[in-house]
Number of protein chains: 2
Amino acid sequence: METPKGVAFLLSQLGAFGAQRFAERLRPLEIEPRHVGLLRMISANEGASQQELGERMGVVPSRMVSFVDDLEKRGFVERRRNPKDRRAYALHLTGKGTAMLRQAMLISVEHDEEVCAPLSQDERDVLAQLLSRLSTAHDLIPGVHPGYRHLR
Amino acid sequence: METPKGVAFLLSQLGAFGAQRFAERLRPLEIEPRHVGLLRMISANEGASQQELGERMGVVPSRMVSFVDDLEKRGFVERRRNPKDRRAYALHLTGKGTAMLRQAMLISVEHDEEVCAPLSQDERDVLAQLLSRLSTAHDLIPGVHPGYRHLR
DNA sequence: TATTGTTATACTCTATAACTATA
DNA sequence: TATAGTTATAGAGTATAACAATA
């Protein structure tokens, strides 16, 4: 029974490897990949409520609480009461949060450079294009990682 | 702050998506992706000891116990005492285990087909070749998923 | 003493469901 | 009654360390 050389296995293997390396790179900032994802999500949807974001990311409400707590404790995010509906919060990045997001994005670029280092520039372009098409064709949401999702 | 379009994120996103789909496909067999990995590992290393395999897969000894337990309970694997060293087991696939592995490999091929469906045959070949090169360049072990590894 | 496998334990993560406050 | 957010809780997964048998 030979070793699988399928594309799906390689994607999963490389994806998991890259995610681990990215987490290591972020460690000095005392932040995790999923927090970067949430910071980006808030930045792209300023003022959205917790559950709105949770729905887009596939995160259950109770989990969103501690998730946002993490970022609020560190001073990266503010929960502002929505005067129109005082049950809901409006989430906003603080200056500190914006700065942290920017740093994380820089690390993300470095990380990408490391992952693609074995390829020429042309090859990277081809790879990026093929992966983008797969991602789109399988209805994956840009910037949303399926690891956030709970199945079923 | 724009959506990341980096290769590393796409790999992680597609890899996680594919892993979830593969797990769904295996569900009727009441087996999980990691068990398939272990079956394959045993098949490729008949007679190896638990800890030998654990070392190759990056799985800690205590975890290997319940891992192998799972497969033994289902009758897929046999623990045979090694007469040369009666502390160690020699792991072997049963006929049932071989049949299950074969079935899982068929599903794996179907799964690969699904993941690659949006691409032409030529594009799949290009993608497979680029991913293989990345995997090799980053010293990933063929058929061994980093998710089995504990970091540090 | 060292090594293979096992068990006990403690810790983390997460989903479900009950709860509160507002609507 | 319904909804946003929260808390309590229980279950799964996993690593560490202590342990038994054998070397």
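These questions and answers concern a predicted model of chains A and B.

Colleague: What percentage of the residues in chain A is buried?

Modeller: The C-alpha atoms of chain A fill a box of roughly 60 × 35 × 25 Å along the principal axes. The accessible surface of chain A is about 7900 Å², with 52% belonging to carbon and sulfur atoms. Of the 152 residues in chain A, the buried share is 47%.

Colleague: Is A:F76 buried or exposed?

Modeller: A:F76 sits in the loop between α4 (61–73) and β1 (77–81) of chain A. Beyond four places in sequence, its contacts include A:I31, A:L39, A:H92 and A:M100. The relative accessible area of A:F76 is 3%, and the cut-off is under 20%, so A:F76 is buried.

Colleague: How far apart in space are A:F76 and A:Q103?

Modeller: In sequence, A:F76 and A:Q103 are 27 residues apart. In chain A as a whole, among contacts with a separation of 6 or more, 57% join residues 24 or more positions apart. From C-alpha to C-alpha, A:F76 and A:Q103 are separated by 13 Å.

Colleague: What area is buried between chain B and chain A?

Modeller: On the chain B side, 56 residues are in contact with 56 residues of chain A. Carbon and sulfur atoms give 71% of the area buried between the two chains. That buried area is about 5400 Å².

Colleague: Which residue of chain A forms a salt bridge with B:E123?

Modeller: The rule finds 2 salt bridges across the interface of chain B and chain A. In the one formed by B:E123, the closest N and O atoms are 2.6 Å apart. This is within the 4 Å limit, so the pair counts as a salt bridge. The partner of B:E123 is A:R133.

Colleague: Which element gives the largest share of the side of chain B that touches chain A?

Modeller: Across this interface there are 20 residue pairs in polar contact. Elements of chain B that each supply at least two residues of the touching side are α1 (7–26), α2 (33–44), α5 (95–116) and α6 (121–137). The largest share, 14 residues, comes from α1(B).

Colleague: How many residues of the side of chain B that touches chain A are nonpolar?

Modeller: That side of chain B has 14 polar and 12 charged residues. Its nonpolar residues number 30.

Terms used: Residues are numbered from 1 along each chain as its sequence is written. Chains are lettered from A and ligands numbered from 1 in the order in which they are written. This is a predicted model: local features need pLDDT of at least 70, side-chain atom pairs count only at pLDDT 80 or more; totals for chains, interfaces and linings use all residues. Side-chain values use heavy atoms; hydrogens and water are left out. Contact means heavy atoms within 4.5 Å. Buried area is the accessible area (1.4 Å probe) that two parts lose on being put together, summed over both. A salt bridge is a side-chain nitrogen of Lys or Arg within 4 Å of a carboxyl oxygen of Asp or Glu. A polar contact is a pair of N or O atoms within 3.5 Å; within protein, one must be able to donate a hydrogen and the other to accept it, and residues adjacent in sequence count only if both atoms are side-chain atoms. Helices (H or I, at least four residues) and strands (E, at least two) are DSSP runs, numbered from the N terminus. Ala, Val, Leu, Ile, Met, Phe, Trp, Tyr, Cys and Pro count as nonpolar, Asp, Glu, Lys and Arg as charged, and the others, Gly among them, as polar. Buried means under 20% relative accessible area, exposed over 50%, partly exposed in between (1.4 Å probe, protein chains only). Accessible areas come from the Shrake-Rupley method with a 1.4 Å probe; for residues, only the protein chains shown count as cover.
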